[in-house]
Amino acid sequence: GRQMAGRDMTAVRILIADDHTLMRQGLRQLCEGLGGFAVVAEAENGIQAVEQGRAEQPDVILMDIVMPDVNGVQAIRDIVGTTPLARIIALTMYRQEQYMLDAIRAGARGYLLKTVDARDLIAAIEAVQRGEYLIDPVIAARVLSEFHLPVQEWRIERLTESEMAVLRLVARGVENDQIAHQLNYSVYTVANRLRTIYEKLQVTNRTQAALYALRQGRVTLDEPPSEA
């Protein structure tokens, strides 16, 4: 598509997964027209979403949570395993907290209601691409409360200073190669540190580790904005 003035020439690559053709077409038009993003693939069910994710390795995936066959939550879980760099935004029709909670537990960076305004959709895609999380404060509190049992308080104390340094960057949405660059580690070392962090915190993915760190107040997302 035509590049908008001032936009990075490498457009954000998007996969749209929704079982309604009209919804996919509408999302595609908004992403490409209003957002200037590149929609690289569409999927109409969870199985296709996982396959297209693996094949295209998109930057951002818009994932309908309620789909036939493999549902969106299971698809998110599979995609986090096979396409770890993709940032997933869960789409839902209803304020059904259970779906949203499940999506975030599975590794989604956040969720949007399908009633959302077009500009908010574009802003949300840009936000997750920058590494931010889009989680409604009420939902975040619910998810975080699960990690907040008294017996868990001491877990974060077991992290070494270098593990905390990695965790802080993870919580800000920084990817492994950039973490390695910033901390002067090899990518291999970062991956090993992450594995240890997950074990110590008893979590299974980046989103959970980040939420846990935020919940403990050891990490803040209010960093000074980086130069655009």
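What share of the 228 residues of the protein counts as buried? The share is 46%, where buried means under 20% relative accessible area, exposed over 50% and partly exposed in between (1.4 Å probe, protein chains only).

1. **Basis.** This is a predicted model: local features need pLDDT of at least 70, side-chain atom pairs count only at pLDDT 80 or more, and totals for chains, interfaces and linings use all residues. Residues are numbered from 1 along each chain as its sequence is written, and side-chain values use heavy atoms, with hydrogens and water left out.

2. **Overall make-up.** The protein has 10 helices and 5 strands. These are DSSP runs, numbered from the N terminus: helices are H or I with at least four residues, strands E with at least two. Take contacts between residues at least 6 apart in sequence: 67% of them join residues at least 24 apart. Contact means heavy atoms within 4.5 Å.

3. **Nonpolar cores.** A nonpolar core is a set of buried Ala, Val, Leu, Ile, Met, Phe, Trp, Tyr and Cys residues joined through side-chain atoms within 4.5 Å. The largest has 29 residues. I61, M63, I76, I79 and I88 have the most contacts inside it. Leaving out residues up to four places away in sequence, I61 touches L15, I79, A86, R87, I88 and I89. Another core, of 19 residues, lies apart from the largest one; V12, L112, L121 and A124 are among its members.

4. **Salt bridges overall.** The whole structure holds 14 salt bridges. The criterion is a side-chain nitrogen of Lys or Arg within 4 Å of a carboxyl oxygen of Asp or Glu.

5. **E56 and R13.** The closest N and O atoms of this salt bridge are 3.3 Å apart. The pair links distant parts of the chain: E56 sits in helix α2 (residues 46-56), R13 in strand β1 (residues 13-17), 43 residues apart. E56 is partly exposed at 29% relative accessible area. R13 is also partly exposed, at 26%.

6. **R24 and E44.** Here the N to O distance is 3.8 Å. R24 is in helix α1 (residues 21-34), and E44 is in the loop between β2 (38-43) and α2, 20 residues apart. R24 is buried, with a relative accessible area of 7%. E44 counts as partly exposed at 39%. Both residues belong to a network of salt bridges that links R24, R28, E32, E42 and E44.

7. **K114 and D64.** These side chains meet in a salt bridge at 3.4 Å, N to O. K114 lies in the loop between β5 (110-113) and α5 (118-129) and D64 in strand β3 (residues 60-64), so the pair ties together parts 50 residues apart in sequence. Both K114 and D64 are buried.

8. **The second largest pocket.** Its volume is about 390 Å³. It is lined by 20 residues, and V80, P84, Y198, N205 and R206 are the closest to its centre. Elements giving two or more residues to the lining are α3 (72-82), β4 (87-92), α9 (187-201) and α10 (206-215). The largest share, 4 residues, comes from α9. By class, the lining has 9 nonpolar, 6 polar and 5 charged residues. Ala, Val, Leu, Ile, Met, Phe, Trp, Tyr, Cys and Pro count as nonpolar, Asp, Glu, Lys and Arg as charged, and the others, Gly among them, as polar.

9. **How the pocket is defined.** On a 1 Å grid over the protein atoms alone, a pocket is an open set of points where a 1.4 Å probe fits, with protein on both sides within 12 Å along at least five of seven lines; lining residues have an atom within 4 Å of a point. Points are joined across faces, edges and corners, and the volume is the space filled by probe spheres set on them.

10. **R193.** This residue lies in helix α9. R193 is partly exposed, with a relative accessible area of 24%. Beyond residues up to four places away in sequence, R193 touches S162, E163, V166 and Y185.

11. **Backbone points to check.** Most residues other than glycine have a negative phi. Q57 has a positive phi of about 45°. Q57 is in the loop between α2 and β3 and is partly exposed at 38% relative accessible area. Q202 has a phi near 55°, also positive. Q202 is in the loop between α9 and α10 and counts as exposed at 52% relative accessibility.
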